Amino acid sequence: MLQGHQSWIFENRPSILSTGTVGGPFEAKGKIPEAFDILHEDMWINQDSWEKAQQKMLEEAIQTTLKKGRIEKEKVEFLIAGDLINQMTPTSFAASTSSIPFLGTFSACATSMESLALAASIINAKGANYILCAASSHNAATEKQFRYPTEYGGQKPPTSQWTVTGAGCALVTQNGAGPSITSATIGKVADMGMTDPFNMGGAMAIAAADTIEAHFRDMQIDPSYYDLIITGDLGHVGREVSLDLLHDRNIPIDAEKYVDCGIAIYREDQPVLAGGSGAACSAIVTYGHFLQEVMKGNLKRILVAATGSLHSTLSIQQKDPIPCIAHAVSIEARGEHI
Amino acid sequence: MGDKKKQKLQPNQQQYQAFQQKREIKRPIFKNCIKAFLIGGLICLIGQLISTFYIYQFNFTEKTAGNPTVATLIFITMLLTGFGVYDRIAQFAGAGSAVPVTGFGNAVISSAIEYRSEGFILGVGSNMLKLAGPVIVYGVFSAFIVALIKTILTQWGGF
């Protein structure tokens, strides 16, 4: 049901039945290794290209989700997923091997929450019983496409971020066991004329602030409603910028309750500069870490605003600014929603 | 960023960029310069040692020792790039490891490794010089211009 200008309320309470997360060796050394169901020792994952490795991780995330949810593949009506690689190749190939009716989504690193919001919306309208939604990224595949060859020695500025290697998947179902998806806010594309692809956090901060503000306005609630407000991959720069922007707009978010998946995933001594990023970042940290906290009862209500930077290598070469987007989804423990 | 570009921005965009810039983590330029100076100097020192080695151990002169020295440095770079060490050195050294011939070698070698998955001809062959290509193009072009000026001056200028 439409609420306000750009939000949905899911009155039928679609819920997340199970999740699956896969990570690479660098993520295994990170701050939250327990968030992963499968961790790989090798970036290649026994494949002969980075793109195939990413496809493999996505397949594993889907299989793990189904296994943990004890649902057979044939029962799942739709797969909604996307990634960052040209034409979403890894996702399309993984969708081909899984043979589940497939909808491809692209919001760069906000793909995870776009997929989750769409899945919840379809489930809420009784358009399906089970929907898988997933997002994946691979550090080397992304570096290769967007930046330089993996082994190229270019010094990165302190504002740049480290693309997460991994995949995260969630199984959304009709009102069942597991945390409920209560509402979602679809973001507008924000373009502040920022052109530096090595400072995506700074560019995306405005999109996060806009969507979070829109969410509170549409839902007529204030930040105290949530135990935690989680952003996708703003990193240290973007988190600070967006928090200050929200304070300037009279949205008093407690700094301790405002966390970022890109900061949560890696340890401070890992060489990730401003933090983690990538489509898998928000998917893994939300599904593998924060959702588990909700299930354990440590958190009651969370708002996840995944952020995406919608530039391409072409637009950067042609000196175009970086358009950014953020989508927010509210997840609540059972019995906690109003 | 040039002023011309800034003028095209809307006032709210300008305001946001200023807001953002205040919170941006700045590049430690002075520290980077020192690191680049030290590592760049170290690479040159190694080059000099190799060059001296060739002059005293083999029959090279100061003029002819250049080629084997460059080849040796590029060979070492190839190993360091292949084992995934060079990009880590570069994150520390910045221009110090990019400007010497090792940086050029790394740009070619890393591209060759990266595009191996797309085959030898269209993958490695056509992408190997993706990063280093511009250096060759503009190197040759500026050499041509300088040679042209020199020819004009010596042939017709009477110098």
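Predicted model: local features only at pLDDT ≥ 70, side-chain atom pairs only at ≥ 80, totals over all residues.
Residues are numbered from 1 along each chain as its sequence is written, while chains are lettered from A and ligands numbered from 1 in the order in which they are written.

**Chain A as a whole**

Along the principal axes, I found the C-alpha atoms of chain A in a box of roughly 55 × 50 × 35 Å. I looked up 10 helices and 15 strands in chain A (DSSP runs numbered from the N terminus: H or I of at least four residues, E of at least two). Of the 338 residues in chain A, 60% are buried (20 or more other C-beta atoms within 10 Å of the residue's own; 12 or fewer is exposed, in between partly exposed; C-beta atoms placed from the backbone).

**Helix α7 of chain A**

Next I took α7(A), residues 235-248: its 14 residues reach 20 Å from first C-alpha to last, close to the 20 Å expected (1.5 Å times one less than the number of residues). I count this helix as mostly covered, with 11 of 14 residues buried, among them A:H236, A:R239 and A:E240. What do the buried residues of α7(A) pack against? I found α6, β11, β12, α8 and β13 of chain A, together with α2 of chain B. After α7(A) comes A:N250, with a positive phi near 60°.

**Helices α4 and α9 of chain A**

The axes of α4(A) and α9(A) come within 7 Å and cross at roughly 60° (lines fitted to C-alpha atoms over the stretch in contact, angles from 0 to 180 degrees between N-to-C directions). On the α4(A) side I see A:T111, A:S112 and A:M113, and on the α9(A) side A:A279, A:S282, A:A283 and A:T286 (contact means C-beta atoms, placed from the backbone, within 7 Å).

**Chain B against chain A**

Each side is listed with its count: 29 residues from chain B and 29 residues from chain A. I noted α7(B) as giving the most to the chain B side, with seven residues.

Methods: Contact = placed C-beta atoms within 7 Å.
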